[in-house]
Structures are given as C-alpha cells and as structure tokens.
Amino acid sequence: MQNSVASISEAYNNPPSQMQSSQASTSSSPSSSAETVEGGKRSYDKWSHDEEKMLISLWAENIDRINSNQARKAWEDIATQMNKKFGSKRATERCKKKMKYLLERYKVCKD
C-alpha cells in the first residue's frame, strides 16, 4: 500500500505528458465538488493545484488511519487542516470525494 501511495503522490507532482493533458481538463471539470444549486444549475467550487497537492499529501500521511476504524477522524483532521491553510470551508465529505476522484483519475491514466 505504501508503494502505491508514493506512486500516486509522485505521479501527481511529476505527471507524464499524457497525464498532464488529462489533468488540465480535470481542474475545469465539473466533478470537483458541488457547492450550491442556483436555479437548477450547480455551481462548482474549483480546487487549486496547491489544494489538490496538499490533499494528496495529507491523505498519504494518514493512509493508515484512513484504512482503520479511525477513518472518520482522519478525514475530519484532513478537512480541518485544508480549511485552515486555504481559508476555505470544505466539508469532510468533499475532501473524501475529491480524493476518491483523484485516485480514479490516477488509475485511468496509469492504465
């Protein structure tokens, strides 16, 4: 598991050219996190590259806790640290869903 964590983190920080093009579309993709619904349309809050990078880093640091019975507390800690650093108000569930999305994108690009 530690090996794949390092691979994901390294791939995100130093993506090959193929991953860069798909990653560029990721930042503007509507699968970021939904913030509000206005007139039937969702307004999406965009994650900066630095926010995504920090999320991956915090996820990697807490992977043992995330895969244990302390998962909820680990995700709360991650969301708190993210919100404190970037002055945002992202919910724990948003951080968890964003990480899941990033992992799915990594697996698609890897294959």
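Select helices H3 and H6 to begin: the two are roughly perpendicular to each other, a class that covers angles of 65 to 115 degrees, with under 35 counting as roughly parallel, over 145 as roughly antiparallel and the rest as oblique. H3 and H6 (residues 92-110) pack at about 95°, and their axes are 11 Å apart. Axes here are lines fitted to C-alpha atoms, for helices over the stretch in contact, and angles run from 0 to 180 degrees between N-to-C directions. Helices (H or I, at least four residues) and strands (E, at least two) are DSSP runs, numbered from the N terminus.

The model is predicted, so local features need pLDDT of at least 70 and side-chain atom pairs count only at pLDDT 80 or more, while totals for chains, interfaces and linings use all residues. Residues are numbered from 1 along each chain as its sequence is written, and side-chain values use heavy atoms, with hydrogens and water left out.

Next, display the side chains between these two helices. On the H3 side, Glu52, Leu55, Ile56 and Trp59 meet Cys95, Lys98, Met99, Leu102 and Leu103 of H6, where contact means heavy atoms within 4.5 Å. Seven of the residues in this contact are nonpolar, none is polar and two are charged. For this count, Ala, Val, Leu, Ile, Met, Phe, Trp, Tyr, Cys and Pro are nonpolar, Asp, Glu, Lys and Arg are charged, and the others, Gly among them, are polar. Centre the view on Met99: apart from neighbours within four places in sequence, Met99 is in contact with Leu55, Ile56, Trp59 and Trp75.

Ser57, in H3, is partly exposed because its relative accessibility is 32%; buried means under 20% relative accessible area, exposed over 50%, and partly exposed in between (1.4 Å probe, protein chains only). A distance drawn between the C-alpha atoms of Ser57 and Ile78, 21 residues apart along the chain, reads 9.8 Å. Ala79, in H5, is buried, with a relative accessible area of 4%. Not counting residues up to four places away in sequence, Ala79 touches Arg90, Ala91, Thr92 and Cys95.

Now select the largest nonpolar core, which has 22 residues. Such a core is a set of buried Ala, Val, Leu, Ile, Met, Phe, Trp, Tyr and Cys residues joined through side-chain atoms within 4.5 Å. Leu55, Trp59, Trp75, Ile78, Met82, Cys95 and Met99 have the most contacts inside it. Two or more residues each come from H1 (2-13), H3, H4 (63-66), H5 and H6, and H3 gives the most, with six.

Finally, show the whole chain: six helices and two strands, in the order α-α-β-β-α-α-α-α. Of its 111 residues, 38% count as buried.
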